[in-house]
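Subject: Structure handover

Hi,

Here is the structure I promised to pass on to you. Have a look at it first, and then read on for what I found.

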Amino acid sequence: MHEKKKNTDQAASLRMVAGKQLLQSNGPRIVTVTSGKGGVGKSIFTVNLAMILADLNRRVLLFDADTNLANLDSLLGVSPKYRLGDVLRGEKDISEVLLNPCPHLHVLPGDSGDYYYPKYDSRVQDHIIESIVMSDNSYDLFIVDTAAGISPEVIHYSILSDETIVIANPEPTAILDAYAVIKMIWLKKKRHIFKLVINQARNASEAEDAATKLKMAAEHFLKITLQYIGHLPYDKRVKESVMRQNPVVRMFPKSGFTESLKTIARNGVIQTEQYVERRVVTV
Ligand SMILES: Nc1ncnc2c1ncn2[C@@H]1O[C@H](COP(=O)(O)OP(=O)(O)O)[C@@H](O)[C@H]1O
Ligand SMILES: [Mg+2]
């Protein structure tokens with residue numbers, strides 16, 4: 001009874017959805033990964049980042065939010081018995097569908113090509129995030145791997161997050177799409193932390209050139225500062241790891257890709273932990 005009352009109070013303080021005011025309590029830090037363009041490496045980045053953070057003793061929940069085209073379980077080489085769709089249909093609790101591929105890491109698997117996939121809207125998204133934040137598992141980080149594009153669903157995950165990591169590669173089309181997604185988030189939420197990772201770069205200077213273009217556009221047109229937190233090299237072994245269904249950080253722990261990712265995890269995610277203040281976010 002007392003516990004129920006506590007949860008109700010927490011829920012009330014957590015969010016007043018009607019007024020679109022979100023008060024994030026002392027739950028996990030919510031990080032959304034997005035890109036605009038598909039195929040730039042969001043899922044590769046999130047899976048490997050989550051594993052590194054788990055190795056560094058952070059309790060991580062990784063959510064495959066690519067609606068009905070989920071693939072994190074394939075990248076991890078696991079076959080979930082139940083998925084998010086089972087939760088949304090009310091047949092399973094979130095805790096029953098979570099995967100545990102390594103210590104400190106839980107994965108909430110999404111669905112792929114489920115004909116009966118439940119209708120999905122922002123209220124469902126609010127509900128998923130709330131359920132995680134309110135869950136008994138005390139996660140440090142809740143990482144959301146989104147679908148490609150700038151659909152309201154993708155933007156809404158960023159709105160509910162403490163920060164967004166935008167992934168682009170050095171191609172002008174990827175930079176343009178990354179700018180578009182940043183702008184769409186900014187139109188809905190003016191105060192937000194944007195971080196930038198350039199993937200598939202031939203070298204650091206190519207990545208820096210791409211990052212500078214994006215940073216300058218965001219500063220000039222939107223008056224926001226993107227924090228460039230690093231780049232990942234183009235590496236043929238990434239494809240090999242996808243084929244083998246074994247994340248790069250496990251299959252090639254000494255590779256340049258893994259080293260770069262460790263730097264991003266330490267400098268771009270862990271180092272900024274102390275700066276995350278729980279705050280009221282007006283949406
Ligand atoms: N750093 C990289 N080096 C080489 N290939 C990469 C790299 N990152 C991603 N890829 C390739 O791009 C493909 C798409 O990546 P993925 O993470 O699924 O993209 P997204 O989630 O953004 O749609 C991967 O299957 C892999 O073959
Ligand atoms: Mg993906």
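This is a predicted model: local features need pLDDT of at least 70, side-chain atom pairs count only at pLDDT 80 or more; totals for chains, interfaces and linings use all residues.

Let me start with the ligand. Helix α2 gives the largest share of the shell around ligand 1, with 3 residues.

Residues are numbered from 1 along each chain as its sequence is written, chains are lettered from A and ligands numbered from 1 in the order in which they are written, and side-chain values use heavy atoms, with hydrogens and water left out.

**The ligand site**

The shell around ligand 1 holds 15 residues, and the closest are G39, K42, I44, N199 and P233. A residue is near the ligand if one of its heavy atoms lies within 4 Å of it. At least two shell residues each come from α2 (42-55), β9 (193-201) and α10 (236-244). Sorted by class, the shell has 7 nonpolar, 6 polar and 2 charged residues. For that sorting, Ala, Val, Leu, Ile, Met, Phe, Trp, Tyr, Cys and Pro count as nonpolar, Asp, Glu, Lys and Arg as charged, and the others, Gly among them, as polar.

Which atoms of the protein make polar contacts with ligand 1? The side chain of S43 has an N or O atom 3.0 Å from an oxygen atom of the ligand. A polar backbone atom of I44 is 2.9 Å from an oxygen atom of the ligand. On the nitrogen side, a nitrogen atom of ligand 1 lies 2.9 Å from a backbone N or O atom of D235. On its own, ligand 1 has 570 Å² of accessible area, and the protein covers 81% of that. A polar contact is a pair of N or O atoms within 3.5 Å; within protein, one must be able to donate a hydrogen and the other to accept it, and residues adjacent in sequence count only if both atoms are side-chain atoms. Accessible areas come from the Shrake-Rupley method with a 1.4 Å probe, and for residues only the protein chains shown count as cover.

The cut-offs are under 20% relative accessible area for buried and over 50% for exposed, with partly exposed in between (1.4 Å probe, protein chains only). Leaving aside neighbours within four places in sequence, S43 is in contact (heavy atoms within 4.5 Å) with N71, L72, L75 and D145. The C-alpha atoms of S43 and A147 are 9.2 Å apart, although 104 residues separate the two in sequence.

**The chain as a whole**

The chain has 12 helices and 11 strands. Of its 283 residues, 52% count as buried. Its accessible surface is about 13600 Å², with 53% of that belonging to carbon and sulfur atoms. Among contacts between residues at least 6 apart in sequence, 79% join residues at least 24 apart.

Helix α12 makes a handy geometry check. Its 15 residues (256-270) should span 21 Å at 1.5 Å a residue, and the end C-alpha atoms are 20 Å apart, which agrees. The expected span is 1.5 Å times one less than the number of residues. Among the buried residues of α12 are F257, L261, I264 and V269.

**Loops to look at**

- D162 lies in the loop between α7 (152-159) and β8 (163-168). D162 counts as buried because its relative accessibility is 0%, and its side chain reaches the backbone nitrogen of I30 at 2.8 Å.
- N68 is in the loop between β4 and α3 (72-76). N68 is buried at 18% relative accessible area, and its side chain reaches the backbone nitrogen of D114 at 2.7 Å.
- N57, in the loop between α2 and β4 (60-65), has a positive phi near 70 degrees without being a glycine. N57 is exposed, at 53% relative accessible area.
- H104, in the loop between β5 (99-102) and β6 (105-108), is not a glycine and has a positive phi of about 75 degrees. H104 is partly exposed, at 36%.

Best wishes

Key
Helices (H or I, at least four residues) and strands (E, at least two) are DSSP runs, numbered from the N terminus.
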